[in-house]
Amino acid sequence: MRTPLPVVLAGARGHGRWHVANIRRLERAGLVRLAGICELTPLTEEEAGGELPEQSADFGALLDSTGARIAVICTPIPTHTDLALTAARRGVHLLLEKPPAPSYAEFRRMADGVAEAGVACQVGFQSLGSHAVPAIRDLVAEGAIGEVVGIGGAGAWVRDEAYFRRAPWSGRRRLNGVDVIDGALTNPLAHAVATALALGDSSRAEDVTGIETELSHANDIEADDTSCVRVTTGRGLRVTVAATLCAERADEPYVLLHGSRGRVTFWYKQDRVLLQRGGHGPEEYQYGRTDLLENLVAHLTTGAGLLVPPDETGAFMRVVEAIRRAPDPDRLPDAAWRHVPGENRRVVPGIDGLVAAAADTLSLYSELGAPWAPRTEHPLNEVSTR
């Protein structure tokens with residue numbers, strides 16, 4: 001019988017609670033063992049979902065004392081690279097939460113260090129574990145929608161003002177002189193960007209030839225909460241993703257493939273696909289997904305291919321870098337947003353329709369006539385890695 005792989009989790013609160021539950025699920029299946037938790041304040045048994053493993057605020061020491069084979073890193077964005085390299089130097093394999101780094105330089109330092117150490121690294125874009133992704137690629141390869149001419153992404157989410165105070169780095173572009181880049185497109189709705197690029201066969205850094213950004217915020221934050229980006233790829237595709245955390249009503253985010261003879265809509269959190277094409281009625285499909293930690297375990301034990309190795313997130317990191325290098329997001333005028341009584345959140349009226357229209361037409365907010373959007377030209381910015 002296979003011995004469960006010892007896992008250490010760094011960052012077990014906030015989103016880390018999901019990882020605690022997932023590790024415990026795989027523990028019950030006999031695949032892993034929760035060997036350690038790295039937190040500044042130790043967890044209780046209730047928080048840990050069972051008997052407490054070893055705990056320490058010293059990540060490296062915890063990896064050593066537990067003999068960890070895998071580290072799951074779910075800590076603040078600026079800490080990802082150093083913690084990943086701490087694990088890699090010890091031969092510990094990685095599941096690294098998205099975004100993998102706050103800048104392209106930090107991403108390369110992480111990815112190159114991991115490769116040099118010879119350890120496996122999986123980046124936590126769970127949507128790329130969906131079985132819908134290869135199924136959509138098969139539909140495209142079969143010519144179901146003709147030639148793909150563009151890809152849109154839409155994310156209209158609702159977040160209250162407390163969301164931006166959940167941690168010192170929340171809603172920040174920089175903290176204490178260090179890049180954070182916690183914006184709508186780079187963190188909460190990062191899956192929309194990464195999934196759109198992956199479905200356009202443009203997930204690697206070298207696949208990106210140009211990036212245009214429009215960044216703004218209604219909330220009292222540094223980063224963007226209402227933004228859009230348009231990526232031009234080496235294949236000549238335009239990939240436009242629009243996002244907001246100030247929606248009038250929360251909606252399921254999706255990626256939309258525009259074909260010359262039809263379209264495919266992928267609601268990536270639901271693993272649901274809608275195929276629409278001429279001469280056929282709409283066809284809807286539901287898929288399962290492979291958990292990324294489970295895939296990492298399979299990679300280490302049976303040689304299964306990794307679903308999201310670092311280089312397959314290089315194009316996404318180009319987008320992060322473009323947003324990092326862009327001017328600070330515009331503060332929306334007071335007339336462009338309203339406060340929702342009793343819900344302590346800010347709404348940008350009309351943004352739901354603009355997000356959908358951007359995905360549908362591959363246009364930026366300014367091109368759709370948003371009254372608060374900048375009236376400027378959008379030259380194709382040269383992609384930089386500095």
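Analyst: Buried means under 20% relative accessible area, exposed means over 50%, and partly exposed is in between (1.4 Å probe, protein chains only). This is a predicted model, in which local features need pLDDT of at least 70 and side-chain atom pairs count only at pLDDT 80 or more, while totals for chains, interfaces and linings use all residues. Residues are numbered from 1 along each chain as its sequence is written, and side-chain values use heavy atoms, without hydrogens and water.

The rings come first. Rings of Phe, Tyr and Trp (its six-membered ring) pair if their centres lie within 6.5 Å; planes under 30 degrees apart are stacked, over 60 edge-to-face, and the rest tilted. The count by this rule is six aromatic pairs. One of them joins Y163 and F164, whose centres are 5.1 Å apart and whose planes make 85 degrees, an edge-to-face arrangement. Both Y163 and F164 are buried. Another edge-to-face pair is made by Y365 and W372, with 5.4 Å from centre to centre and 70 degrees between the planes. Y365 counts as buried because its relative accessibility is 1%. W372 has a relative accessible area of 13%, so W372 is buried as well.

Rings also meet charged groups. A charge sits over a ring if NZ of Lys or CZ of Arg is within 6 Å of the ring centre and within 35 degrees of the ring normal. The face of W267 has R272 over it, at 3.9 Å from the ring centre.

A salt bridge is a side-chain nitrogen of Lys or Arg within 4 Å of a carboxyl oxygen of Asp or Glu. The whole structure holds 29 salt bridges. In one of these, R109 meets E106, with 3.0 Å between the closest N and O atoms. Both residues belong to helix α5 (residues 104-117), where they are three residues apart, about one turn of the helix. Helices (H or I, at least four residues) are DSSP runs, numbered from the N terminus. R109 has 35% relative accessibility and therefore counts as partly exposed; E106, with a relative accessible area of 22%, is also partly exposed.

R108 is partly exposed at 26% relative accessibility, and D311 is partly exposed with a relative accessible area of 35%. R108 and D311 also belong to a network, in which salt bridges that share partners join them with D112, R204, E206 and E312.

A further salt bridge links the side chains of E283 and R277, at 3.0 Å from N to O. R277 counts as partly exposed because its relative accessibility is 25%.

How values were computed:
Helices (H or I, at least four residues) and strands (E, at least two) are DSSP runs, numbered from the N terminus.
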